[in-house]
Amino acid sequence: MDANGLESLPANELHERAVRYAVRHGDLGFLWELLKVIPAAEAASGHTSETANDLSKVSALLSDAIAAGEGKLGEALRPVYIDYLRKHPDA
């Protein structure tokens, strides 16, 4: 899919495509990057209480990574998904 097509997709679809591709291809690097940016994205999306929780619990981060395509958090992570999907056009 071209860059313009990615920009038009909703955050939850970007999330699903990027995470599904990363899991299917064993791309732990992307999943790790996603885990690292989730706390900042949660803070930017107004979920400051989640930020403190995520910084202290890896299990919470893993859970968030799986569900990080919805609502304000998904919107805050749109650039991460678009960047990844541009690098992997077959995703």
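What share of contacts in the chain between residues at least 6 apart in sequence join residues at least 24 apart? The share is 65%, where a contact means heavy atoms within 4.5 Å.

## Basis of the model

This is a predicted model, in which local features need pLDDT of at least 70, side-chain atom pairs count only at pLDDT 80 or more, and totals for chains, interfaces and linings use all residues. Residues are numbered from 1 along each chain as its sequence is written, and side-chain values use heavy atoms, with hydrogens and water left out.

## The chain as a whole

The chain has 7 helices and 0 strands, and its pattern along the sequence is α-α-α-α-α-α-α. Helices (H or I, at least four residues) and strands (E, at least two) are DSSP runs, numbered from the N terminus.

Of the 91 residues, 38% count as buried. Buried means under 20% relative accessible area, exposed means over 50%, and partly exposed lies in between, with a 1.4 Å probe and protein chains only. The accessible surface of the chain is about 5,100 Å², and 58% of that belongs to carbon and sulfur atoms; such areas come from the Shrake-Rupley method with a 1.4 Å probe.

Two packed helices are described by the angle between their axes and the distance between the axes. Axes are lines fitted to C-alpha atoms, for helices over the stretch in contact, and angles run from 0 to 180 degrees between N-to-C directions.

Helix 2 covers residues 11-24 and helix 7 covers residues 78-87; their axes come within 9 Å and cross at roughly 50°. The two helices are therefore oblique to each other. Angles under 35 degrees count as roughly parallel, over 145 as roughly antiparallel, 65 to 115 as roughly perpendicular and the rest as oblique. The crossing is left-handed, a term for a near helix turned anticlockwise from the far one by less than a right angle, while clockwise is right-handed.

On the side of helix 2, the contact involves Ala11, Leu14, His15, Arg17, Ala18, Tyr21 and Ala22; on the side of helix 7, Arg78, Tyr81, Ile82, Tyr84 and Leu85. By class, the residues of this contact are 9 nonpolar, 1 polar and 2 charged. Ala, Val, Leu, Ile, Met, Phe, Trp, Tyr, Cys and Pro count as nonpolar, Asp, Glu, Lys and Arg as charged, and the others, Gly among them, as polar.

## Helix 3 and its two partners

Helix 3 (residues 28-44) packs with helix 7 at an angle of about 165°, their axes 11 Å apart. Helix 3 and helix 7 are therefore roughly antiparallel, and helix 3 passes helix 7 in a right-handed crossing. Phe30, Leu34 and Val37 of helix 3 make this contact with Val80, Tyr81 and Tyr84 of helix 7. Its residues divide into 6 nonpolar, no polar and no charged.

Helix 3 also packs with helix 2, at about 135° and with axes 8 Å apart. That angle makes helix 2 oblique to helix 3. Ala18, Val19, Ala22 and Val23 of helix 2 meet Phe30, Leu31 and Leu34 of helix 3, a set of 7 nonpolar, no polar and no charged residues.

## Two single residues

Glutamate 16 is placed in helix 2 and, at 40% relative accessibility, counts as partly exposed. Its C-alpha atom is separated by 9.1 Å from that of tyrosine 81, 65 residues apart along the chain.

Arginine 86 lies in helix 7. With a relative accessible area of 43%, arginine 86 is partly exposed. The C-alpha atoms of arginine 86 and leucine 6 are separated by 8.0 Å, although the two are 80 residues apart along the chain.
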